Amino acid sequence: MTKNKLISLGLIFLSTVGLSACKSTTSIERVETDKEIALTDKWNDKDSQLVASAMVEDMLSFPWIDQHLQKEQNRPAVIIQRVRNKSHEHIPVETFLNDLKRAMLRSGRVDFVANNDIREDVRKERADQELNASIDTQNAMGEETGADYALSGSINSTVDQADGQRVTFYQVDLRLIDMTSNREVWNGQKKIKKFLKRASYSL
C-alpha cells in the first residue's frame, strides 16, 4: 500500500470518528398535553388554558346569563368578534379562543354561533345543497341563529428587565356586549406574571 493511500485511509478514519463524536443525542418523549413544560417565560399553552378557565368561570358567575335564561327561556348565543394581541410577543390568539369556547360549551349554558369566515363557507355549502341535495336532506336558507352577545377583548403585556432578571406581565381583558342594547354585561380580567432569573443571562 502506498504512502498516499495510507494517509487517505487515516483521514477517512479520523473523519468518521469525529462525526460520530459530534452526533447529537436528540430524543423525543410524548407527554400529557396538560403538563406544563416551560422552556422560556413566553406565553405558552398552559397560560392559554389557565386564562380561558378563569375567564369562563368568572363570565358564568355574572348575572347576565341567569337574566337571559329567565327572559328568553333558552341559552344565550355568543359570537366571538375580535381579541387583539397587543402584547410584545406573538400569541396564537385562535388557540386561546378555542380553549375559551370549549370551556364555555362544556358548561352547557352557552351556545356559540359561527363567525363571519365560517358562516360564508357554511352558506356556500347550503346553497350547494339547494341545487344538489335531496329535498329531505336540504338545510334551508334563512334559518340561522342570530347572536345575542358579542365577545371581544385584548391581550396586553409589559416587560421589566435588569441584571439578568426579567419580569413579564400579561393582562387579558374580555368583554361581553348585548347585541340589542349595546350594554356591557360582563367584563373579565386575568393577569399572569412571570419571573425569569438566570445566572448568565443575555437580553
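Here is a quick tour of the pockets, a surface patch and the salt bridges in this structure. It's a predicted model, where local features need pLDDT of at least 70, side-chain atom pairs count only at pLDDT 80 or more, and totals for chains, interfaces and linings use all residues. Residues are numbered from 1 along each chain as its sequence is written, and side-chain values use heavy atoms, leaving out hydrogens and water.

**Pockets**

- A pocket here is an open set of points on a 1 Å grid over the protein atoms alone, where a 1.4 Å probe fits, with protein on both sides within 12 Å along at least five of seven lines; lining residues have an atom within 4 Å of a point.
- The largest pocket has a volume of about 360 Å³, and 16 residues line it, with I80, E94, L97, K101 and N115 nearest its centre.
- Helix α4 gives the largest share of that lining, five residues, while β1 (77-85), α4 (93-107) and α5 (116-132) each supply at least two.
- For the second largest pocket, the volume is about 260 Å³, and the largest share of its lining, five residues, comes from helix α3 (residues 64-72).
- Among the residues lining the second largest pocket are W64, H68, D178 and R183.

**Surface patch**

- V31, I37 and L39 make a nonpolar surface patch of about 300 Å²; patch members have over 30% relative accessible area and no salt bridge, and nonpolar side chains are joined within 5 Å.
- I37 sits in the loop between α1 (3-22) and α2 (45-61).
- I37 counts as partly exposed because its relative accessibility is 48%, given that buried means under 20% relative accessible area, exposed over 50%, and partly exposed in between (1.4 Å probe, protein chains only).

**Salt bridges**

- With a salt bridge taken as a side-chain nitrogen of Lys or Arg within 4 Å of a carboxyl oxygen of Asp or Glu, the count comes to nine.
- K194 pairs up with D47, their closest N and O atoms 2.6 Å apart. That pair ties together distant parts of the chain, 147 residues apart: K194 is in strand β5 (residues 184-197) and D47 in helix α2. Both K194 and D47 are buried.
- D66 forms a salt bridge with R109, at 2.9 Å between the closest N and O atoms. D66 is in helix α3 and R109 in the loop between α4 and β2 (111-112), so this pair too links distant parts of the chain, 43 residues apart.- D66, at 45% relative accessibility, is partly exposed, and R109 is partly exposed at 27%.
- R183 and D178 meet in a salt bridge of 3.6 Å, N to O; R183 is partly exposed at 46%, whereas D178 is buried at 11%.
- E120, R123, R126 and E144 are linked in a network of salt bridges.

Terms used. Points joined across faces, edges and corners; volume = space filled by probe spheres on them. Helix = DSSP H or I, 4+ residues; strand = E, 2+ residues; numbered from the N terminus. Patch = residues over 30% accessible without salt bridge, like charges linked within 9 Å, V, L, I, M, F, W, Y side chains within 5 Å. Areas by Shrake-Rupley, 256 points an atom, 1.4 Å probe, with all protein chains shown as cover.
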